[in-house]
Amino acid sequence: MAGKTYRIGIIGGDGTGPEVIREGVKVVEAAKKKFGFNIDWTEYDLGGERYKRTGEILPDSAIEEFKKFHSIFLGAIGHPDVKPGILEVGILLKTRFALDQYINLRPVKLYPNVDTPLKDKQPEDIDFVVVRENTGGIYTGIGGVTQKGTSLEVATQVMQYSRPVVERCVRYAYEYCRKRGSKKKMLTLVHKCNVLTHCGDLWVRVHKEMGDKDYPEIKQDYNHVDACTMWFVKQPEYYDVIVTENLFGDIITDLAAIIQGGLGIAAGGNINPEGVSMFEPMGGSAPKYTGKNVINPLATIAAGGMMMDTLGEPKIAQAIDKAIHDVLASGQIKSLAAGRMGMGTREVGDLIAKMVS
Ligand code: IPM
Ligand code: MN
């Protein structure tokens with residue numbers, strides 16, 4: 001077949017991860033026929049089961065292989081029998097850092113017919129994007145513990161940011177805001193500069209300097225992170241594009257996921273604009289639903305669309321987004337919650353796949 005061939009690594013991972021990834025792959029495969037491109041998928045057996053079986057988490061050789069893909073598609077990481085932190089840090093964070101995926105892009109969009117817990121909010125009210133810095137801050141793990149286990153123990157975990165790491169993130173967010181071209185044209189920096197007077201101030205200065213110099217048409221805006229959580233609930237229509245540091249971005253995007261209908265629909269991308277990116281649903285491995293064909297695959301399918309966009313195939317991304325929109329608008333899916341969709345994981349995948357093919 002004519003068209004480009006994309007090499008994509010697949011990590012199904014733990015719990016329901018492999019089930020949702022199967023549907024994400026199904027939809028991209030369906031689009032492939034219509035849009036004329038090829039995909040060469042390589043599957044990786046990574047996650048809790050492999051760790052329990054072999055003691056191996058993520059071999060360095062796999063990271064070297066990841067570097068050769070055009071992209072990576074990830075289901076979920078997290079296993080009930082493995083202590084929290086081992087797989088998350090050893091697989092997810094290790095990949096984000098090793099491939100320098102310095103942006104975590106999380107669109108927040110309420111589709112038609114989707115229940116939001118926010119009273120009286122409509123799809124036109126909930127449509128913004130969070131650009132979360134993804135390789136710095138407190139996630140770098142600087143710190144330690146002394147006198148562990150004694151009554152005097154001390155633990156530290158340091159938030160650190162260098163100017164280039166802040167700049168490349170803020171630059172990405174301004175460019176994204178320009179490209180998005182919404183009427184609001186506003187980039188809101190979310191931080192806590194009234195308390196984090198060192199890190200916060202660096203972000204505030206970079207946001208202002210860069211905006212003044214290179215993006216005069218974009219309105220500069222600032223929210224403290226605590227106030228931002230309040231506005232997400234009270235007035236989400238205020239936002240256009242948000243840029244924020246790693247931990248704050250982690251926290252506010254869970255809240256954002258819930259106002260857009262829950263983890264069943266919330267997608268994200270760990271992006272290295274110059275390298276290999278990795279796309280995933282925001283939800284976790286949901287072990288209790290594993291193998292039951294009840295988990296919602298829409299977030300993974302949407303992440304597949306974001307992946308095609310980042311690969312330079314915006315038409316395919318738009319087709320996938322439109323299919324999700326149209327299927328939800330048709331009312332065939334009863335709820336976005338696991339087990340309450342009125343159909344199974346595979347059937348949701350089939351519906352979307354049919355719309356894009
Ligand atoms: C996320 C997750 C991860 C994070 C965890 C699993 C390490 O919560 O992708 O938002 O904190 O970044
Ligand atoms: Mn999170």
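Hi everyone, and thanks for coming. A word on conventions before we start. Residues are numbered from 1 along each chain as its sequence is written, and chains are lettered from A and ligands numbered from 1 in the order in which they are written. Since the model is predicted, local features need pLDDT of at least 70 and side-chain atom pairs count only at pLDDT 80 or more, while totals for chains, interfaces and linings use all residues, and side-chain values use heavy atoms, with hydrogens and water left out.

Let's begin with the pockets. Rolling a probe the size of a water molecule over the atoms shows where empty space is left. Here a pocket is an open set of points on a 1 Å grid over the protein atoms alone, where a 1.4 Å probe fits, with protein on both sides within 12 Å along at least five of seven lines; lining residues have an atom within 4 Å of a point. Grid points are joined across faces, edges and corners, and the volume is the space filled by probe spheres set on the points.

How much space lies in the largest pocket? About 930 Å³. It is lined by 30 residues, and Pro107, Tyr176, Met306, Asp309 and Ala317 are the closest to its centre. Two or more lining residues come from each of β4 (103-109), β5 (127-133), α5 (163-180), β11 (267-271), α9 (298-310) and α10 (314-329). Those labels are DSSP runs numbered from the N terminus: helices are H or I with at least four residues, strands are E with at least two. The top contributor to this lining is α10, with 6 residues. By residue class, the lining has 19 nonpolar, 4 polar and 7 charged residues, where Ala, Val, Leu, Ile, Met, Phe, Trp, Tyr, Cys and Pro count as nonpolar, Asp, Glu, Lys and Arg as charged, and the others, Gly among them, as polar.

The second largest pocket has a volume of about 430 Å³. Of its 19 lining residues, Leu92, Arg96, Arg106, Asp250 and Met282 are the closest to the centre. At least two lining residues each come from β3 (71-76), α4 (86-98), α8 (246-259) and β12 (277-281), and α4 has the largest share, 4 residues.

On to the cores. In soluble globular proteins, nonpolar side chains tend to be buried together. Buried means under 20% relative accessible area, exposed means over 50%, and partly exposed is in between, with a 1.4 Å probe and protein chains only. A nonpolar core is then a set of buried Ala, Val, Leu, Ile, Met, Phe, Trp, Tyr and Cys residues joined through side-chain atoms within 4.5 Å. The largest one has 80 residues, and Phe128, Val131, Phe232, Leu298, Ile324 and Leu328 have the most contacts inside it. Helix α5 supplies the largest share of this core, 8 residues. Apart from it lies another core of 18 residues, including Tyr44, Leu58, Phe69 and Val82.

Now for some charges. With a salt bridge taken as a side-chain nitrogen of Lys or Arg within 4 Å of a carboxyl oxygen of Asp or Glu, the whole structure has 25. In one of them, Asp350 pairs with Lys26, with the closest N and O atoms 2.7 Å apart. Asp350 sits in helix α11 (residues 345-356) and Lys26 in helix α1 (residues 17-35), so this pair ties together parts 324 residues apart in sequence. Asp350 is partly exposed at 40%, and Lys26 is also partly exposed, at 26%. Glu23 joins Lys26 and Asp350 in a network of salt bridges.

Another pair is Arg50 and Glu56, with closest N and O atoms 2.5 Å apart. Is Arg50 buried or exposed? At 17% relative accessibility, Arg50 counts as buried, whereas Glu56 is partly exposed at 32%.

I'll finish with two buried residues. Gly304 is in helix α9 and has 0% relative accessibility. Leaving out residues up to four places away in sequence, Gly304 touches Val28, Phe73 and Ile320, contact meaning heavy atoms within 4.5 Å. His191, in strand β8 (residues 186-191), is buried at 0% too.
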